[in-house]
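Work through the following exercises with the sequence and the 3D structure at hand. Try each task before reading its solution.

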Amino acid sequence: MWRNREIKLFFIVIGIVTMAGTAAAGFLLSIQSAGMVIMTSLMLALCSVFFTRWRYREIEKLSGYLRKISSGDVSLDLRDNHEGELSILKNDIYKVTLMLSESRSQLERDKLTLTDALSDISHQLKTPLTSMTVMADLLSDSSLEESKRAEFTGNIRVQLERIEWLVSSLLKLSKIDAGTIAFKKDRVPLRDLIDRAVQPVLIPIDIKEQTLIVNGAEDAAFTGDLRWTAEALINILKNCVEHTGHGGTISISYEENPLFTEISIADDGPGISREDLPYIFRRFYKGKNAGDDSVGIGLAMAHSIITGQHGDLEVRSEKGDGTAFSIKFYKRNGQSE
């Protein structure tokens with residue numbers, strides 16, 4: 001405490017004031033008055049020393065607390081219920097400590113998530129790469145029949161397209177997760193959105209002789225990003241086409257009301273089992289009915305895109321009774337978010 005310049009200056013000022021007061025009291029009043037001024041000044045100085053030492057001890061405790069925080073110990077509770085600047089400072093430090101603790105926990109969770117994601121990505125890439133390596137070795141055989149050579153070449157092309165799609169999807173997901181995508185807020189007619197989303201799945205629907213039914217008001221619209229929302233719908237539609245049997249039906253309906261804009265996509269496929277239902281939007285999750293080529297990333301991407309625009313994506317399904325996806329974009333101040 002005594003090393004601090006402000007403390008030395010404080011007591012120098014106290015000393016000067018005391019001497020000036022003592023001289024004035026002795027000159028104007030009496031020696032007894034001068035003695036009283038000295039005693040009062042000494043008592044005030046002692047009180048100042050006492051309270052200053054107490055405050056410095058509290059500050060020293062805070063310094064020790066901060067050193068423990070910097071070393072990683074965030075379990076200490078410094079709060080108290082007293083009034084005053086020190087109590088406010090303690091409570092503010094405790095709040096910052098909680099924020100640091102939560103940030104540290106979030107970083108640990110992100111680290112585990114990244115580790116799991118890298119493991120899943122490695123697994124997803126390993127299968128097609130292994131397949132292509134085997135087929136490439138077979139293609140090096142000069143005695144291989146031309147029909148087999150063409151078959152293996154086609155298979156390699158398919159696997160390369162699968163890897164390209166996987167890497168592209170993962171890059172899109174990583175951009176969404178990192179918050180680097182600025183979703184547009186355009187007024188988009190739902191008919192334009194549905195037309196754009198349906199186009200890539202028309203050929204698979206035709207191959208499986210499925211029926212596509214689209215119903216909705218012509219003037220229905222929402223405020224959002226046409227391109228990214230269409231990407232989400234494409235992934236949902238692909239899931240429906242994949243899990244709907246030959247000759248099945250896929251229906252799309254949409255409506256706009258004063259509260260929200262809703263898009264419903266349903267199929268009459270075998271449905272999703274109750275145990276799989278809570279996890280279908282989880283990245284790389286593959287349910288019991290997933291196909292061999294399924295990666296488990298399409299619905300996760302759709303969910304990230306829709307929630308990234310402050311929308312909701314829900315699913316309802318019963319085993320053997322089809323699946324229905326519901327997308328809602330809520331409105332604020334008369335506009336869709």
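Contact means heavy atoms within 4.5 Å. The model is predicted: local features need pLDDT of at least 70, side-chain atom pairs count only at pLDDT 80 or more, and totals for chains, interfaces and linings use all residues. Residues are numbered from 1 along each chain as its sequence is written, and side-chain values use heavy atoms, with hydrogens and water left out.

**Exercise 1.** Find the residues in contact with Ile-263, leaving aside its neighbours within four places in sequence.

Solution. Step 1: among the contacts of Ile-263 are Leu-190, Leu-193, Ile-194 and Leu-233. Step 2: Ile-252, Ser-253 and Tyr-254 also belong to the list.

**Exercise 2.** Which residues touch the most other members of the largest nonpolar core?

Solution. Step 1: a nonpolar core is a set of buried Ala, Val, Leu, Ile, Met, Phe, Trp, Tyr and Cys residues joined through side-chain atoms within 4.5 Å. Buried means under 20% relative accessible area, exposed over 50%, and partly exposed in between (1.4 Å probe, protein chains only). Step 2: the largest such core has 44 residues, and Ile-236 and Ile-263 touch the most other members. Step 3: the elements that give two or more residues to this core include helix H4 (146–178), H7 and strand S5 (260–267). Helices (H or I, at least four residues) and strands (E, at least two) are DSSP runs, numbered from the N terminus. Step 4: H7 contributes the most, with nine residues.

**Exercise 3.** Describe helix H7 and its burial.

Solution. Step 1: H7 has 17 residues and reaches 24 Å from its first C-alpha to its last, close to the 24 Å expected at 1.5 Å a residue. The expected span is 1.5 Å times one less than the number of residues. Step 2: 12 of the 17 residues of H7 are buried, so the helix is largely enclosed by the rest of the structure. Trp-228, Ile-236 and Val-241 are among the buried ones.

**Exercise 4.** Is Asn-239 buried or exposed?

Solution. Step 1: locate Asn-239 in helix H7 (residues 226–242). Step 2: its relative accessible area is 16%, so Asn-239 is buried. Step 3: not counting residues up to four places away in sequence, Asn-239 touches Leu-299 and Phe-325.

**Exercise 5.** Is Glu-218 buried or exposed?

Solution. Step 1: Glu-218 is in the loop between strand S2 (211–216) and strand S3 (221–224). Step 2: Glu-218 has a relative accessible area of 61%, so this residue is exposed. Step 3: Glu-218 and Arg-191 are 27 residues apart in sequence and 6.6 Å apart in space, C-alpha to C-alpha.
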